[in-house]
Amino acid sequence: MTTVAPAAPAPLRTQSASPYRLTFFRTVHSEWIKLSTLRSTWWSIGLVAVLTIGIAVLVALAMDVPGFEPIQAVVSPIQFTMLLAGILGVIAVTGEYSTGMIRSTLAADPVRGSVLAAKAIVVAVFMFVTSLVIFLVAAIAVTPIFAGRDMPFAWDDPAKSMLPILASSISMAVFALIGVAFGFLIRSGAGAIAATVGLLFVLPIVGSIFAMPGEEWQWIGDVIGHLPMAAAQSAILPQDDWGLPLVEAYLTLAAWVTAGMLSAWAVLRTRDA
């Protein structure tokens, strides 16, 4: 009689540790890839460039008025391009919700605050850098126009050249972050764009209609003065007899960004994707 020896147990398979670790830098890099590969991103930036440079040149050709500062021609298009900045921020978020990619994003990085911060940083830095380049190109384009009228562009005076350009670029980044916040809050592209346009463009117009003389209506004027666009105008071209003081203007812009990001974070962490 022969006996069969029991078979040796199969060796346990051990899963080798992956050399890759999720870091915040990799999350930022992922958000940059998503933003830079969207056609809508570059269409938006292209429209910003065309409007900014085109309007600046048209204003420079039309405004042959003594005392007109050339920098005003460069920064005046922001009244229109702010909407494109806000819309860019919206579609950077709602595009993921419409395609379902947000589920993959949150599965790859379950820390939702990290996802929000990475997207906000990428959108804000991208909008600031591209706006800075566009405003500089617009300034260079209008310089010879004003020089032909003995109205030289004040490149040697930062307060009349680079500081307003930097403030305009910062404002464009703020408008884009407002769009990001509405994108996370509403999740619908149409709804978030409507809310962004309403805050940046419609609400100041409606407020100005109801702003009437008298102390009892003063609060309406105060509210209008602290809306994002009004605060941006005060930061770009500060004036002693109009708008907010410079420091208060920047604090107002920072408050809008902070309120938007905190609201977006609260909704993102408590609502299913």
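Visitor: Which residues does Met 261 touch, not counting those up to four places away in sequence?
Guide: Met 261 touches Leu 116, Ala 120, Leu 177, Val 180 and Ala 181, where contact means heavy atoms within 4.5 Å. This is a predicted model, in which local features need pLDDT of at least 70 and side-chain atom pairs count only at pLDDT 80 or more, while totals for chains, interfaces and linings use all residues. Residues are numbered from 1 along each chain as its sequence is written, and side-chain values use heavy atoms, with hydrogens and water left out.

Visitor: How many helices and strands does the protein have?
Guide: The protein has 11 helices and 0 strands. Both are DSSP runs numbered from the N terminus: helices are H or I with at least four residues, strands E with at least two.

Visitor: Where is Thr 27?
Guide: Thr 27 lies in helix α1, residues 24-36.

Visitor: Is Thr 27 buried or exposed?
Guide: Thr 27 counts as buried because its relative accessibility is 6%; buried means under 20% relative accessible area, exposed over 50%, and partly exposed in between, with a 1.4 Å probe and protein chains only.

Visitor: What does the side chain of Thr 27 make a polar contact with?
Guide: The partner is the side chain of Asp 109, at 3.1 Å. A polar contact is a pair of N or O atoms within 3.5 Å; within protein, one must be able to donate a hydrogen and the other to accept it, and residues adjacent in sequence count only if both atoms are side-chain atoms.

Visitor: What percentage of the protein's residues count as buried?
Guide: Of its 273 residues, 43% are buried.
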